[in-house]
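Subject: Structure handover

Hello,

My notes on it follow below.

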There are 2 protein chains.
Amino acid sequence: MKKFMETTTQSETIYDGRIVKVQVDDVMLPDGKTSKRELIKHAGAVGIIPVTKANKIVFVEQFRKPLEKSLVEIPAGKLEKGEEPSVTALRELEEETGYTVNTPRFITSFYTSPGFADEMMYLYLAEDLEPVDYPAAGDEDEFIEILELTLDEAKQYVREQRIHDAKTNYAILYLETLERM
Amino acid sequence: MKKFMETTTQSETIYDGRIVKVQVDDVMLPDGKTSKRELIKHAGAVGIIPVTKANKIVFVEQFRKPLEKSLVEIPAGKLEKGEEPSVTALRELEEETGYTVNTPRFITSFYTSPGFADEMMYLYLAEDLEPVDYPAAGDEDEFIEILELTLDEAKQYVREQRIHDAKTNYAILYLETLERM
């Protein structure tokens, strides 16, 4: 580990927003030379793979401003400060789909873009969903539509690139491996 | 699609760096209310899954400043302007591992973090690797170490979170599904 180490000599916060903090660090490289690193700080996020008792996967479609188009994704949300990822997962599942489960099952976690961002994604599986009578309201500026798809339908969405993001593509591949076992 | 649409009313560039451009847009939501969107613009990237003739997977370990630690990842790199992803894939494979192939096979693509970034990741499989006699030099500020692992060893790295990023976790899961077919 030490041989790769980059030492920070100066750090400047460029922007401190609601979702991201942007920071530019001056670093000393292992060979003594210097470079700059652009860093996006993010609180981390959860994604939930919700599977109904009828074996359908619940997705949400929403507009993604960075892409200027809508995507079909598994429900997801940003971690609140100090919040356990499994708590975030349950909250987002209920807010976005109107379903709940007793215990979401942790599958894996990964950094989404380790070259420039520290965002960690925690993935959960939520099986045997139960409808919530009075689901909590989601974020005021979030407009979503719910879709329930079979795994085959979801794979077709991947081919059509209507499903086209890391956590959701991973989720589909994960469900495929479950089917084969 | 239209029902989700967010209309940009103003756009401000906060930072224009070497890797990312940071932009904050004022948007009008579908219900007529307004909000702000923080957007990270990125040129896109490729990841290559290199598999040797001895059926080992070639990884690179490098320090990731946003995480302040090193990760073991499949070789990857940023798209140069106007560059075909398959060309980037071959270049990065050669620079980072000293191997090459005739034709890298496209597997899939996905947005890494569609909530705040437009980075697209293109994934390729490179089988039957051939060593390059005089590999091209990589980036001056990149210090990497090469590891050749079996799939089982790589899965152990995932469990230990030494492999811990979206493209590499996806790659391991993908290779697992190939093994079962």
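Four strands of chain B form an open sheet in the order S7-S4-S10-S9, with mixed pairing. Strands here are DSSP runs of E with at least two residues, helices are runs of H or I with at least four, and both are numbered from the N terminus. Two strands pair if DSSP finds at least two bridges between them. S7 (76-78) and S9 (105-111) of chain B stand at the edges; each has a single partner strand, so one side of each is left without a neighbour in the sheet. On average, neighbouring strands of this sheet are turned by 20 degrees against each other, direction ignored. The axes are lines fitted to C-alpha atoms, and angles run from 0 to 180 degrees between N-to-C directions.

The model is predicted: local features need pLDDT of at least 70, side-chain atom pairs count only at pLDDT 80 or more, and totals for chains, interfaces and linings use all residues. Residues are numbered from 1 along each chain as its sequence is written, chains are lettered from A and ligands numbered from 1 in the order in which they are written, and side-chain values use heavy atoms, with hydrogens and water left out.

Within the sheet, S4 (45-50) and S10 (120-126) of chain B pair in the parallel sense over six bridges. There, B:Pro50 has B:Ala126 of S10(B) as its bridge partner.

S2 (20-28) and S3 (34-42) of chain B pair in the antiparallel sense over nine bridges. B:Gln23 stands opposite B:Leu39 in S3(B). The hairpin of these strands has five residues between them, and B:Gly32 takes a positive phi near 90 degrees.

Now helix H1 (85-97) of chain B. Its 13 residues should span 18 Å at 1.5 Å a residue, and its end C-alpha atoms are 18 Å apart, which agrees. The expected span is 1.5 Å times one less than the number of residues. Buried residues (under 20% relative accessible area, 1.4 Å probe, protein chains only) of H1(B) include B:Ala89, B:Glu92 and B:Leu93. The buried residues of H1(B) pack against strands of chain B, among them S4, S7 and S10; contact means heavy atoms within 4.5 Å. Just after H1(B), B:Gly98 takes a positive phi of about 80 degrees.

How are chain A and chain B superposed? A rotation of 180 degrees with 0.0 Å of shift along its axis does it, at RMSD 0.0 Å. Of the contact residues of chain A, 100% recur in chain B.

Best wishes

Key: Least-squares fit on C-alpha atoms with pLDDT ≥ 70 in both. Buried < 20%, exposed > 50% of the residue type's maximum accessible area, 1.4 Å probe, protein only.
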